[in-house]
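Trainee: Could we go through the labels attached to this model, setting each against its definition?

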Amino acid sequence: MNNMNQMMKQVKKMQEQMLKAQEALESKTVEGSAGGGVVTATMNGHKKLLDISIKPEAVDPDDVEMLQDLVLTAVNDAIAKAEELSNQDMGKFTGGMKIPGLF
């Protein structure tokens with residue numbers, strides 16, 4: 001019975017650590033970019049888009065499709081970096097396992 005109590009304490013401690021790590025991800029940010037930095041997208045560790053920055057030189061009224069592509073590329077780059085950040089921070093608890101609904 002003592003073993004079970006000890007294990008439950010360890011599980012509770014790990015759950016608390018995981019919750020803190022998930023909360024910390026909200027305040028961490030990553031930045032994706034495209035076109036050599038003319039378009040940047042900032043996202044937090046929860047994959048919430050916080051900001052998109054477009055430099056004036058990226059805006060060409062005759063080539064709107066290029067700007068759209070740059071925005072998509074920057075956002076996708078930010079998503080990939082946010083996922084990597086999340087996997088790094090939470091992976092230490094899950095041992096690399098993907099646990100649905102955890103993060």
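Mentor: Let us begin with the surface, where Asp60, Asp62, Asp63, Glu65 and Asp69 gather in a patch of negative charge. The model is a predicted one, in which local features need pLDDT of at least 70 and side-chain atom pairs pLDDT 80 or more, while totals for chains, interfaces and linings use all residues. Residues are numbered from 1 along each chain as its sequence is written, and side-chain values use heavy atoms, with hydrogens and water left out.

Trainee: Why is Asp62 called exposed?

Mentor: Exposed means over 50% relative accessible area, buried under 20%, and partly exposed in between, with a 1.4 Å probe and protein chains only; Asp62 reaches 75% and therefore counts as exposed. Asp62 sits in the loop between β3 (49–54) and α2 (64–94).

Trainee: And why is Lys47 called partly exposed?

Mentor: The relative accessible area of Lys47 is 36%, so Lys47 is partly exposed. Lys47 lies in the loop between β2 (39–44) and β3, and its phi is near 65°, a positive value in a residue other than glycine.

Trainee: How much of the chain counts as buried?

Mentor: Of its 103 residues, 30% do.

Technical notes
Patches are made of residues with over 30% relative accessible area and no salt bridge: like charges are joined within 9 Å, nonpolar side chains (Val, Leu, Ile, Met, Phe, Trp, Tyr) within 5 Å. Accessible areas come from the Shrake-Rupley method with a 1.4 Å probe; for residues, only the protein chains shown count as cover. A salt bridge is a side-chain nitrogen of Lys or Arg within 4 Å of a carboxyl oxygen of Asp or Glu. Lys and Arg count as positive and Asp and Glu as negative; His and the chain ends are not counted. The place of a charge is taken as NZ of Lys, CZ of Arg, CG of Asp or CD of Glu. Helices (H or I, at least four residues) and strands (E, at least two) are DSSP runs, numbered from the N terminus.
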